[in-house]
Amino acid sequence: MSANTRPSGSPTQTYDSAFLKACRREPVPHTPVWFMRQAGRSLPEYLKVREGVPMLESCMRPDLVTEITLQPVRRHKVDAAIYFSDIVVPLKAIGVDLDIKPGVGPVVAEPIRRREDLARLRDLTPDDVAYVTEAIGMLTGELGATPLIGFAGAPFTLASYLVEGGPSRNHENTKALMYGDPELWADLLDRLADITAAFLKVQIEAGASAVQLFDSWVGALSPADYRRSVMPASTKVFDAVAGYGVPRIHFGVGTGELLGLMGEAGADVVGVDWRVPLDEAARRVGPGKALQGNLDPAVLFAPREAVEEQTRRVLDAASGLEGHVFNLGHGVLPTTDPDALTRLVEHVHTRTAR
């Protein structure tokens, strides 16, 4: 049973949280706040516990995952925790030879570019990520009424890393495969959709109250390419977890032209980066979806008064929405002052108290 379900007519601890209410487009006591990358390099306590521990190892140690996930909840009083992991963890778990190199990101030893390479992408089983189940069990016990968001990388973004062999500015190998061998591309994304869905199911069944699908690189595509070559796989992921009843969030960067399609793919909540005001985003997405976002992460480096002014603009643009989860338009930047985040949470809570 999911953490978002009312068992026998009585609510679970997290069901009536402001975050889940906003995701369900219900009235809230205040606009809920959480931040992408809230557990990470902006926190000195994170740097301390991660010292000398490689990124992938830290994602596979339940004690570290639990501590790191809880750190921003303790410090900032955010309305939701997000599970500490990395989008390539399920790929590593099924045996893909990859590593996360400091200052670079995920690097794949042997890129996938031929049909025979698909054999390296086997199904993901719960036993492959037993540390996830253990960590989420520890976390939900500590979090109590605070929801935990599970997450995974979307098929397109995972495919981009696998095909390019690492981060890419232009995604030339990815697009060459997508345009040059559409059948292989479709099979690759379909395989990744199964792996991603299995990874999300593990998190939900362990106690995650919501899930977010990150499609970090999909803003590189046109709407026509997204609809034809990406949307079927993302829809497959969302459909696979629909029966659990937990809110499904979809986020990408530079996706202003794709917002309607990303909602159509199956999300309950559409994440919006800072480039499109939330009222305009709502028009593009259409009714029946909550929105998440969308303060520019760089604004947090400005003086307090400027941060509050820009926050007011976001909240004003969101004033007519059915449901709004306040977040940044992308992840917290590593050199952000943690106190600025704490003040921002308090400011949003105070300004939107009902």
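The crossing of helix 4 and helix 6 is right-handed, a term used when the near helix is turned clockwise from the far one by less than a right angle, anticlockwise being left-handed. Helices here are DSSP runs of H or I with at least four residues and strands are runs of E with at least two, both numbered from the N terminus. The model is a predicted one, in which local features need pLDDT of at least 70 and side-chain atom pairs count only at pLDDT 80 or more, while totals for chains, interfaces and linings use all residues. Residues are numbered from 1 along each chain as its sequence is written, and side-chain values use heavy atoms, with hydrogens and water left out.

The axes of helix 4 (residues 62-76) and helix 6 (residues 130-143) come within 9 Å and cross at roughly 40 degrees, where axes are lines fitted to C-alpha atoms, for helices over the stretch in contact, and angles run from 0 to 180 degrees between N-to-C directions. On the side of helix 4, the residues that meet helix 6 are Pro 62, Asp 63, Val 65, Thr 66, Thr 69, Leu 70 and Val 73, and their partners in helix 6 are Tyr 131, Glu 134, Ala 135, Met 138, Leu 139, Glu 142 and Leu 143, contact being defined as heavy atoms within 4.5 Å. By class, this contact has 9 nonpolar, 2 polar and 3 charged residues, with Ala, Val, Leu, Ile, Met, Phe, Trp, Tyr, Cys and Pro counted as nonpolar, Asp, Glu, Lys and Arg as charged, and the others, Gly among them, as polar.

Tyr 131, Val 132, Ala 135, Ile 136, Leu 139 and Leu 143 are the buried residues of helix 6; buried means under 20% relative accessible area, exposed over 50%, and partly exposed in between, with a 1.4 Å probe and protein chains only. Seen down the axis of helix 6, these buried residues fall within an arc of 125 degrees, so they line one face of the helix, the arc being that of the directions from the helix axis to the C-beta atoms. They pack against helix 3 (55-59), helix 4, strand 1 (81-82), helix 5 (89-93), strand 4 (148-153) and helix 9. After helix 6 comes Gly 144, whose phi is positive, near 60 degrees.

Helix 9 (residues 182-206) holds Phe 199, which is buried with a relative accessible area of 2%. Not counting residues up to four places away in sequence, Phe 199 touches Ser 85, Val 89, Pro 90, Leu 124, Val 129, Val 132, Phe 151 and Ala 152. Thr 196 also lies in helix 9 and is buried, with a relative accessible area of 2%; with residues up to four places away again left out, Thr 196 touches Ala 152, Gly 153, Leu 158, Leu 213 and Val 237.

Strand 6 (residues 248-252) contains His 250, which is buried at a relative accessible area of 0%. Although His 250 and Phe 214 are 36 residues apart along the chain, their C-alpha atoms are separated by 6.3 Å. Among the contacts of His 250, leaving aside neighbours within four places in sequence, are Leu 213, Asp 215, Tyr 226, Phe 238 and Met 262.

In helix 14 (residues 304-317), the distance from the first C-alpha to the last is 20 Å, close to the 20 Å expected for 14 residues at 1.5 Å a residue. Val 307, Thr 311, Val 314, Leu 315 and Ala 317 are buried in helix 14, and seen down its axis the buried residues fall within an arc of 160 degrees, so they line one face of the helix. What covers them includes helix 13 (278-285), strand 8 (290-295), strand 9 (324-328) and helix 15 (338-352).

Some backbone details remain. Most residues other than glycine have a negative phi, and most peptide bonds are trans. The peptide bond from Gly 293 to Asn 294 is cis, with omega near -5 degrees, and Asn 294 is found in strand 8. Arg 37, which is not a glycine, has a positive phi of about 60 degrees; Arg 37 sits in the loop between helix 1 (18-23) and helix 2 (44-50) and is partly exposed, with a relative accessible area of 47%. His 171 has a positive phi near 55 degrees and is found in the loop between helix 7 (155-164) and helix 8 (172-180), where His 171 counts as buried at 3% relative accessibility.

Notes
Expected span 1.5 Å × (residues − 1).
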